Amino acid sequence: MSSALYDLPGPRARVRNQAFGVLAILCIVALFGFVGYRFWATGQFESPKWEWLLYKDLQLQLVAALGATLGAFLVAALLALAFGLLFAVARLSEHWWWRTPAFAIVELFRAIPLVVMIFFLFYAAPQAGINLGVFWSLVVSLTLYNGSVLAEIFRAGMQSVPRGQREAAYALGLRKNQVMRAVLLPQAIQAMLPTIVSQLVVLLKDTALGFLITYQELLNEARYLGSLTEFGRPIIPTALVIGAVYITLCTALSALAGYLERRSRRTGRALPIPDAPLVTAELAA
Amino acid sequence: MIELLFDNRDLFITGFLHTILLFVLAGLGALVLGTLLAAMRVSPVPALRLLGTGYVTIFRNTPLTLVFFFFAFAYPRLQLVDVSFFTRAVLALAMYTAAFVCEVVRSGINTVDVGQFEASRALGFTFSQTLTTVVVPQAIRSVVPPMTSVLNSLLKNTTIAAGFSVLEAGQITPALSERGAPLLIGMFWIAVGFGILVAPLTATQRALEKRWSVAR
């Protein structure tokens, strides 16, 4: 709609816009030029700094690190989806002894910063005799946080299903959990699919927090490769490569979210009600 | 229970002070940069739109930890101006959050009905009059709730700085662990601390929403 903000440009405005355009391009070129110059001046483009990419062992390490990132992501994503479904249903229960604890737990884990949670499980839990280790400290924290956010997303989705659907289902004589399983949940999931996927992007990005507790994922690999003196400690090249890997992974997932959103719009089914899903995917790390 | 708080008050006070400072500085930076980016993304100049879109795409798809990583380890290698870890943490947070602020502001502008723009133009309002007297007052209502949640996340994200030698609230747990203090209680106080910090944000949101909740 942004084009409605301004009139169709007349001759003077066109000239002005072109001037702004040229200025903007100059600024971009200057910015990239400066960054590129600093890279060049500090020798980041010299071949020794990129040679590590050619070694098979290091390539395999990189793949292993990618596997570690994706492994943590997949396990945490599945657990978080299950956690979210369970708590969304519990929060909509008619019984306060389900509703209240579910509400408290979801709010608690949404409020605690993920880093604090990870540090807690990694440093504090062993004092209480629970030794989860690096992988599970990360995965459990990711599950609790993202699961809580997903619970809110599912709940908003189920509440955005028109009331008539639920009433009709009850009128047909379906039981409470049939109404939930066969009527509300499928519609809610379809309406909320884009939001759910963007929350999974957040989860994928959050696996990078494993770096802080030395989980051997992509960032740790970048740090290790970046400290190899035989390649002149190529921390900038490795950071660039790892950054590209993350951007590719996340963009692919985001593209999936965009595709799903367009598809649900096209079929005309299960449109999210515009003002209900205020629960946009929460950004985290 | 309360003894732990008193015995380690140095940790808690510097920790949360740094958290607040990081939050305020990075928040201001992100709001300014994000609004600027949003303005670029709705501008009639294609080059500016492209730059805004590119920035948002890159930063939304990069983990904040990687941005911190870059500022902590890679930045010094570029031999630019030497700045403290704290300043670099503010930069990392502000640049990352700005992408999200931009999206909130932009979608806020998009919620305003096209007829509103057209009507104000038909009445002879200039571009800046349209924006300040018609669009922004309406857009701000739909911006407040998501903006609060962006700021909320920023507050929580400040803890990532803990991994990069900025002593703030996220650093309290490892530091307590070094001192051999009971961490379960320490964790409780950290959670309370964040609760206290989040409360004014949520309260402001509620108040503003109530004030602006006019049927459209």
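Author: From the N terminus on, the elements of chain B run α-α-α-α-α-α-α-α-α, and the secondary structure of this chain comes to nine helices and zero strands. Please keep in mind throughout that this is a predicted model.

Reader: What pattern does chain A follow along the sequence?

Author: Chain A reads α-α-α-α-α-α-α-α-α along its sequence, and its secondary structure comes to nine helices and zero strands.

Reader: How do you know how the radius of gyration of chain A stands against that of a compact globule?

Author: The rule for a globule takes 2.2 Å times the number of residues to the power 0.38, and for 285 residues a compact globule would have a radius of gyration near 19 Å, whereas chain A has 24 Å. The C-alpha trace of chain A spans about 75 × 70 × 30 Å along its principal axes, while the C-alpha atoms of chain B fill a box of roughly 70 × 45 × 25 Å, taken along the principal axes.

Reader: Which domains does the assignment give for chain A, and what distance separates their centres?

Author: The domain assignment gives domain 1 (1-42) and domain 2 (48-267) of chain A, and the centres of these two domains, taken over C-alpha atoms, are separated by 37 Å.

Reader: Why are H6(B) and H7(B) called roughly antiparallel?

Author: The axes of helix H6 (residues 114-122) of chain B and helix H7 (residues 127-157) of chain B come within 10 Å and cross at roughly 160 degrees. Angles over 145 count as roughly antiparallel, and therefore H6(B) and H7(B) are described in that way. The crossing of H6(B) past H7(B) is right-handed. In this contact B:Gln116, B:Phe117, B:Ser120 and B:Arg121 of H6(B) meet B:Thr130, B:Val134, B:Val135 and B:Gln138 of H7(B), and by class these residues divide into three nonpolar, four polar and one charged.

Reader: How many residues of each chain are in contact with the other chain, and which helix of chain A gives the most?

Author: With C-beta atoms within 7 Å as the criterion, 50 residues of chain A are in contact with 53 residues of chain B. On the side of chain A that touches chain B, helix H1 (11-41), helix H4 (114-124), helix H8 (218-226) and helix H9 (235-267) each supply at least two residues, and H9(A) gives the most, with ten residues. By class, that side of chain A has 36 nonpolar, ten polar and four charged residues.

Reader: How do you know that H4(A) and H9(B) are roughly antiparallel to each other?

Author: H4(A) and helix H9 (residues 183-212) of chain B pack at an angle of about 170 degrees, with their axes 11 Å apart. The cut-off for roughly antiparallel is an angle over 145, and therefore H4(A) and H9(B) count as roughly antiparallel to each other. A:Val116, A:Phe120, A:Tyr123 and A:Ala124 in H4(A) meet B:Leu183, B:Leu184, B:Met187 and B:Ile190 in H9(B), and this contact has eight nonpolar, no polar and no charged residues.

Notes:
Residues are numbered from 1 along each chain as its sequence is written. Chains are lettered from A and ligands numbered from 1 in the order in which they are written. This is a predicted model: local features need pLDDT of at least 70, side-chain atom pairs count only at pLDDT 80 or more; totals for chains, interfaces and linings use all residues. Domain bounds come from an automatic or database domain assignment. Two residues are in contact if their C-beta atoms, placed from the backbone, lie within 7 Å. Helices (H or I, at least four residues) and strands (E, at least two) are DSSP runs, numbered from the N terminus. Ala, Val, Leu, Ile, Met, Phe, Trp, Tyr, Cys and Pro count as nonpolar, Asp, Glu, Lys and Arg as charged, and the others, Gly among them, as polar. Axes are lines fitted to C-alpha atoms, for helices over the stretch in contact, and angles run from 0 to 180 degrees between N-to-C directions. Angles under 35 degrees count as roughly parallel, over 145 as roughly antiparallel, 65 to 115 as roughly perpendicular and the rest as oblique. A crossing is left-handed if the near helix is turned anticlockwise from the far one by less than a right angle, and right-handed if clockwise.
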